[in-house]
Amino acid sequence: MIVTPDKLAFFRKHGYVVIDGVLPLFVCALALSACWDFVEAASGGKVDRSKPETHTSKNWIGGVHGLVQHFGIGQSKALWLVRLCPSVLQMFAELYAGMGLAPTSAADLVSTFDGMSFPRTGSQKHFDDSKWQHKDQALLDDEFNFMVQAGFNVGKSQDAEDHVFSCIPGSHACHKEYADANAELAQKQKGHFLKLTKEQLNWHRERGMALKRVPLPRGSGVLWDSRLVHASSRSLKGEPGQRAQVFVSLTPRCKMTPKQLKKRKQHFEEGRTTGHKGGVFPKRPRTYGRPTTDVAVAPYFTPANASDLVKRLVGF
């Protein structure tokens, strides 16, 4: 068993949990190499992992916060290596079963096509993480219609001062209370992404909740409830190291509508990247006038070469 009763109880209470060693180290090594393969290809060859002088903001494909969500990352080898890891599938199945949704195997799960956090070294120095604490669930969404999301560290082990996942433990449990207290905001909200203002964060602090940094050893994963207030927090070190975190979100098929399954299959066939809730990202990022590459990295799987398991995870 990967999600022990103690881990499940922690998840229920705090809205997140760290599962140590869920990824074998050889999978981490393969996935990290594939992350670099993707960055080098999507940059049009401008980035070379062995030449730090090429790791410039002009050449790098990710944003200032380090997220890579374009150029086909959601269908890349790096992401599929982690999604298909047997221990990852077992972990999601056990967690949902513990929450009463009872998938019994990987065939009961459907995947999104998330990206990764892969910032260039040192790029987080001017990143204001206080502006990015957010929820991934609409305030008016049914409080039980949450999703479990996860980030897996395929790079170096982290300590609390590294560029890490952060969250407000327990904030998932007051999702409905917060929605009721902010009815006008709830009515105006579009989609599932809700970035909280300082005043909205103070609402949680006034109820005794505080931000916590959550470091991950290599091969570990952090799972969180989509109602949880969370983000990534920048490195507190003078020369921050490389962060390599791959995002995966798997949902029980019983929670998916026919329309959602149809969309998921379409996104797979088109080689698209999605968010944790399945909303699709543009093929190219907004550059605000800066030059960018026009490379689309070929997907690792297509309908022609996908295995039966891959097709089930896609939604077929």
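**Disulfides.** I looked for disulfides, meaning pairs of cysteine sulfur atoms within 2.5 Å, and the structure holds zero. Cys 35 has 0% relative accessibility, so it counts as buried. Cys 174 comes out at 7%, so Cys 174 counts as buried too.

**Ground rules.** I noted that this is a predicted model, in which local features need pLDDT of at least 70, side-chain atom pairs count only at pLDDT 80 or more, and totals for chains, interfaces and linings use all residues. Residues are numbered from 1 along each chain as its sequence is written, and side-chain values use heavy atoms, with hydrogens and water left out.

**Confidence.** I looked up pLDDT, the predictor's confidence in each residue from 0 to 100. The protein's mean is 87, with 89% of its residues at 70 or more. Helices (H or I, at least four residues) and strands (E, at least two) are DSSP runs numbered from the N terminus. Confidence is highest in strand 1 (residues 16-19), at 98, and lowest in helix 6 (residues 183-188), at a mean of 75.

**Aromatic pairs.** How many aromatic pairs does a search of the whole structure find? I got twelve. Rings of Phe, Tyr and Trp (its six-membered ring) pair if their centres lie within 6.5 Å; planes under 30 degrees apart are stacked, over 60 edge-to-face, and the rest tilted. Trp 36 and Phe 118 make an edge-to-face pair, 5.1 Å centre to centre with 80 degrees between the planes. Trp 36 is in helix 2 (residues 25-42) and Phe 118 in the loop between strands 4 and 5, 82 residues apart. Both are buried.

Next I took Trp 80 and Phe 113: their centres are 6.3 Å apart and their planes at 50 degrees, so this pair is tilted. Both of these residues are buried as well.

**Charges over rings.** I counted a charge over a ring if NZ of Lys or CZ of Arg is within 6 Å of the ring centre and within 35 degrees of the ring normal. Arg 83 lies over the face of Trp 80, 4.6 Å from the ring centre. Arg 207 has its charged end over the ring of Trp 203, 3.8 Å from the centre.

**Helix 4.** Last, I listed buried residues of helix 4, among them Val 88, Phe 92 and Tyr 96. Just after this helix, Gly 100 takes a positive phi of about 95 degrees.

Notes
Buried < 20%, exposed > 50% of the residue type's maximum accessible area, 1.4 Å probe, protein only.
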